Amino acid sequence: MFNKAILAKQAWRIHTQPTSLAARVLQGFYFHNSSFLQIKVNSSSSFIWRSILWGRELYKQGLRCKIGSGQNTYIYHDCWLPRDGVFKISSPRVLGEFAKVSFLITASGSWDPSIIRDSFHEDEAEAILSLPLPRRTTPDSLRWHYDKSGHYTVRSGYWLATKCRGVPSSSTVSLNSWWRRFWRLRVPAKIRVFIWKAFHNWIPSSANDTTLHALWGCKVLDSLKEMCDSFINFKLPPQCDLKEFLLSANDGLSLEHLEFLCILLWRIWFRRNKWIHERIWLDDESCYSWARLYHADFLEANCRKGDSAKKAVASPWQAPGVGFIKVNSDAAWCSIKKKFGLGSVIRDYSGKVLGSVAMPVSSSVSVAVAESWALEKGASLAKQLGFSAVILETDCLGVTKALDTKTLHDSDLSYVFDSIYDICLGFDMYKFSYTPRTGNQSLIALRDWPYL
């Protein structure tokens, strides 16, 4: 599968860079009269070409149309719906077998919600309405769905390959959940490293001993385990190893109990080494009490440290320089209304509010799209009010970086970014800025207003 993901990368390069030397040579040999995505293997195909076409099948599974004008995309036959796994429309074909997406777009270049909601299932209608459309006429194109940049990556291709085959990998639910939780554990670094080594069975033990037996399965530990019966009551699979033990603990214990268990395992290992090398034995009661006290002391110390760090990091709204105005924007999800609320507010150097805008948007949009739309609405309002020196600020770091570097030009965000860039051409001076959420607090009431 990994080989297939790498070969799919070569297929992506041939498809997206047709003027490259490799693509031109292969086209001259194998598909000078047809499309790369449609050519089939024939008897004269070399091993290299067959391998590339094998990888192309994976690449094609993640391709979908990026809607521009909609004139080249069929509603019911092409892959264009922005949802994982199935890009084709499954709603009844009430608009005609060969209707095109352009039929769903109004003359002003926006989606026609009445036709869409009447013609498609609710989830598909919401997904369609979540797609950004360009401000100017743009042809439809193909993009890789499983990466936010719109470009194929080996990582996303391998993820899709393992998902389609149903093969367990490091991205499976249990392992993924374990590692997410593992890095959140509030334990000292030495204990985290120890658990990481134990998880991979990398701690030294005798040839006739296992890591699980040394840390939990030995009969010497029975009385110590009885002290933990109040919270360690999950069932272990028969003949499991320490990895399966920790995965079961992750599923069955709270974060605090999992932290204590990790500290206790480290103390058990410490006690074992103390006995082997110094012939000093620590009784079960002292071992358990030490782990309890150590955990409590560590949490208390880090709580104080965390509180002071938060106070140091907290940053209020920063006023722009004289002559500039600042547009702050934000988006928030309402779980009750199942919608995003967008809000933007414009202030001068003294903090005086010069204008604001708020609106709800479709529930199916991504957070990045919602944040970008909020910034676009704020920039548009600033242009309507006639401001010339503007700072556009948001608390979404990914959007700020992408706007500064002008990346993601093949993603669904590119149309929103193009709109923002077009608006900014009307300013004499502008820049994009990031602020932590603490510097955007004044927008909470405004962004929440659309769904109150």
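Me: Two strands pair if DSSP finds at least two bridges between them. What makes strand S3 and strand S4 a pair?

Reply: The model is predicted, and in its coordinates S3 and S4 (residues 339-347) are joined by nine bridges. The requirement is at least two bridges, so the two strands count as paired. Their sense is antiparallel. Within this pairing, serine 329 stands opposite serine 344 of S4.

Me: How do you know that S3 also pairs with S6, and in which sense do they run?

Reply: Five bridges join S3 to S6. With at least two needed, S3 and S6 are therefore a pair as well. These two strands run parallel. Valine 327 has leucine 392 of S6 as its bridge partner.

Me: Why is strand S3 described as largely enclosed by the rest of the structure?

Reply: S3 covers residues 325-334, and nine of its 10 residues are buried, so the description follows from that count. Across the protein chain, buried residues make up 45% of the 452 residues.

Me: Why is valine 327 called buried?

Reply: Buried means under 20% relative accessible area. Valine 327, which is found in strand S3, has 0%, so the residue is buried. Leaving out residues up to four places away in sequence, valine 327 touches Ser344, Val345 and Ile346, and also Gly378, Ala379, Ala382, Val390, Ile391, Leu392 and Glu393. A further residue, threonine 394, is 67 residues away along the chain, with 8.4 Å between its C-alpha and that of valine 327.

Me: What makes glutamine 71 partly exposed?

Reply: Partly exposed lies between the buried limit, under 20%, and the exposed limit, over 50%. Glutamine 71 has a relative accessible area of 49%, so the residue falls in between. Its position is the loop between strand S1 (63-66) and helix H4 (113-119). Beyond neighbours within four places in sequence, glutamine 71 is in contact with Lys100, Ser102 and Asp140. The C-alpha atoms of glutamine 71 and isoleucine 105 are 9.9 Å apart, although 34 residues separate the two along the chain.

Me: What makes the phi of arginine 279 worth a remark?

Reply: Most residues other than glycine have a negative phi. Arginine 279 is not a glycine, yet its phi is positive, at about 55°. The residue comes just after H12. Asparagine 201 is another residue other than glycine with a positive phi, near 60°. Asparagine 201 lies in the loop between helix H8 (189-199) and helix H9 (211-217).

Me: How do you know that helix H12 has close to its expected reach?

Reply: The expected span is 1.5 Å times one less than the number of residues. For the 24 residues of H12 (residues 255-278) this gives 34 Å, and the first and last C-alpha atoms are 34 Å apart.

Me: Where in the protein chain is confidence lowest, and where is it highest?

Reply: Helix H17 (residues 444-448) is lowest, at a mean of 58, and strand S6 (residues 389-394) is highest, at 93. Over residues 167-171 the pLDDT is below 50, and this stretch has 11 contacts in the model beyond near neighbours in sequence. Where pLDDT is low, the predicted coordinates should not be read in detail. For the protein chain the mean pLDDT is 84, with 88% of residues at 70 or more.

Terms used:
Residues numbered from 1 in each chain as written. Predicted model: local features only at pLDDT ≥ 70, side-chain atom pairs only at ≥ 80, totals over all residues. Heavy atoms only, no water. Helix = DSSP H or I, 4+ residues; strand = E, 2+ residues; numbered from the N terminus. pLDDT = per-residue confidence, 0-100. Contact = heavy atoms within 4.5 Å. Buried < 20%, exposed > 50% of the residue type's maximum accessible area, 1.4 Å probe, protein only.
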